[in-house]
Amino acid sequence: MLKALAVTVISLTLGLSTHAAIAETLQAKAILHADKPGPQISRNLYGQFSEHLGGGIYDGIWVGEDSPIPNVRGIRSDVVAALKALKTPLVRWPGGCFADEYHWRDGIGPRAQRPVRKNNWWGDAPETNAFGTHEFMDFVEQIGAEAYVSVNVGSSTPREMREWIEYMTSPGQDTLAQERRRNGRDKPWKVALWGIGNENWGCGGNMTAEYYANEVRRFSAFFHKNQDNTGLRVATGPNGDDTRWTQVLMENAADAFDALSLHYYTLPTGDWKVKGPATGFSAKEWADTFARTLKMDDYIGRHSAIMDKHDPDKRVGLYVDEWGTWYDVEKGTNPGYLYQQNTLRDAVLAAVNFNIFHRHADRVRMTSIAQTINVLQSVILTDGAKIALTPTYHAFRMYVPFQEATSLPLDLTTPNAVVDGIPVPAVSASAARGADGKIHIGIANMAPRDSVDLDIDLAGLQVKAVSGEVLTADRMDAHNVPGQPAALAPAPYSGARLVDGRLRLALPAKSVVVVRLD
Ligand code: AHR
């Protein structure tokens, strides 16, 4: 670790620890190569995932046309406005595990006549099917996003998939297109992405990689990519570091899909039985969480290396379509609803993952965080008519300039912050030239106690002014609660100095900073 410049004794109101700790100012360095543009950062790296799970759809998105909560055709207007402000590029739906038990015909036609099913995966909740194909497509159109629809492979047939595709995308006079018209939609929809099952190594049918490779070939044969159906096929990819799955899929079925998904969740403990709380955690749990989330970089790197062997032209994308934190549910909530609070830790972690995705932008061309509202690492929490924008929401908002930006190499040397004996690299960062022509740098300081001075060599780049935003708080578990004044939100950043062709950034402990260079 580089030597501290300033040493401050702080009483640990940061988390729950009661003993005092020494806060240092760590030194980090970077070189920005603005003259060596890398791959484009797809806007689709900033996607959302909404499953029929807990309050994710019902309450979170769908309140019904008769609700006193302001809505347009049953879809809550506050949520639409918040997701529009994030320039949300796409939403993945209807699952998750739910997708491989979902039959799309349950969710079309007059709502009063739709069947009620048991949501076997998620708390046995009654699934009214009030939110189906038309409501989902209305929702994505209201927020200006594209649709990513996951079809049922585990408990369904290629015929059911084909008919759903035709129902949604056919412009013709065929019976399915006419049925769509009778249900209120004349023009066919464009569906950007189709998931060919979900986690078919687990809840999607407990298949082996070889068996699923065959299934994806079979479903793909009836997918019919044509002028009506221009969507890309996303095959179920690996769970975490399961490189064998990637190997088998790429070897046996790569011509049957356009992208392979990757699912990786961050559990503070790594133990599915006791994952750790969303709030009231210790500095050690903070450090463990970051040590685990940083594995994302390694996992993407290992899967990409296998894909590079079979697909050197990078036709097939690696889509991280489920990522984020997974904690113990909040006390008093249904364990099957996966409701958790969202703190400053989640925002810093989101920024760390964005930076990882940017570094792999050549192969990683889409991601969707799990899950948009009221489930796992949400960007929005609702409680009846009340709403809160979570710290993760703010990280997404601060990183908007990276959508469709051109990545720029940033060679970073970071010290470790040592937290209760656990070394955590303090700084994660990435840079890009935005669609606005400006250079943007996104930085996360993962050190819970230590501030960092980041010294960036601009390598001859002429910069006149620097502006930006910072997200931080006194407490590691600072969070926003629906209906209460926000405890944290981004503030203007004043920690930048330009000195002799170098950019010096003062990064508060546990913070996200995004700056723009003019
Ligand atoms: O996001 C919650 C669940 O996690 C999804 O339904 C499933 O795909 C994954 O295991």
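## Glu215 and helix H5

Glu215 sits in helix H5, which comprises residues 209-221. In this predicted model, Glu215 has a relative accessibility of 10% and therefore counts as buried, the limit being under 20%. Apart from neighbours within four places in sequence, Glu215 is in contact with Val153 and Met207.

The loop between H5 and strand E11 (232-235) contains His224. This residue is not a glycine, yet its phi is positive, near 50°. With 39% relative accessibility, His224 counts as partly exposed.

Helix H8 covers residues 295-310. Its 16 residues should span 22 Å at 1.5 Å a residue, and the C-alpha atoms at its ends are 23 Å apart, so the two values agree. The buried residues of H8 are Met296, Tyr299, Ile300, His303, Ser304, Ile306 and Met307. Because they cover an arc of only 160° around the axis, these residues lie on the same side of H8.

Several elements contribute to covering the buried residues of H8. Among them are the helices H6 (243-253), H7 (283-293) and H9 (344-359), together with the strands E12 (259-266) and E13 (317-325).

Helix H7 contains Asp288. The relative accessibility of Asp288 is 17%, so this residue counts as buried. Not counting residues up to four places away in sequence, Asp288 touches Pro268 and Ile422.

## The ligand site

The residues surrounding the ligand include Phe49, Glu51, Gly96, Cys97, Trp122 and Asn198. Glu199, Tyr265, Glu322, Trp326, Gln371 and Leu376 also belong to this surrounding set.

On its own, the ligand has 280 Å² of accessible area, of which the protein covers 93%.

## Backbone features around the ligand

Gly96 is found in the loop between E6 and E7, and the peptide bond from Gly95 to Gly96 is cis, with omega near 15°. Pro94 lies in the loop between strand E6 (90-93) and strand E7 (117-119). A cis peptide bond joins Pro94 to Trp93, with omega about 5°.

Leu376 occupies the loop between strand E14 (366-370) and strand E15 (380-383). Although Leu376 is not a glycine, its phi is positive, at about 50°. Leu376 has a relative accessible area of 1% and is therefore buried.

## Phe396 and helix H10

Phe396 is located in helix H10, residues 391-398. Its relative accessible area is 3%, so Phe396 is buried. Leaving aside neighbours within four places in sequence, Phe396 is in contact with Tyr46, Gly47, Gln48, Leu86, Trp323, Phe354, Ile369 and Val379.

Among these contacts, Trp323 falls within the residue range of strand E13 (317-325), and Phe354 falls within that of helix H9 (344-359). Phe396 and Pro335 are separated by 61 residues in sequence, and their C-alpha atoms are 27 Å apart in space.

Methods. Residues are numbered from 1 along each chain as its sequence is written. This is a predicted model: local features need pLDDT of at least 70, side-chain atom pairs count only at pLDDT 80 or more; totals for chains, interfaces and linings use all residues. Side-chain values use heavy atoms; hydrogens and water are left out. Helices (H or I, at least four residues) and strands (E, at least two) are DSSP runs, numbered from the N terminus. The expected span of a helix is 1.5 Å times one less than its number of residues. Buried means under 20% relative accessible area, exposed over 50%, partly exposed in between (1.4 Å probe, protein chains only). The arc is that of the directions from the helix axis to the C-beta atoms. Contact means heavy atoms within 4.5 Å. A residue is near a molecule or strand if one of its heavy atoms lies within 4 Å of it. Accessible areas come from the Shrake-Rupley method with a 1.4 Å probe; for residues, only the protein chains shown count as cover.
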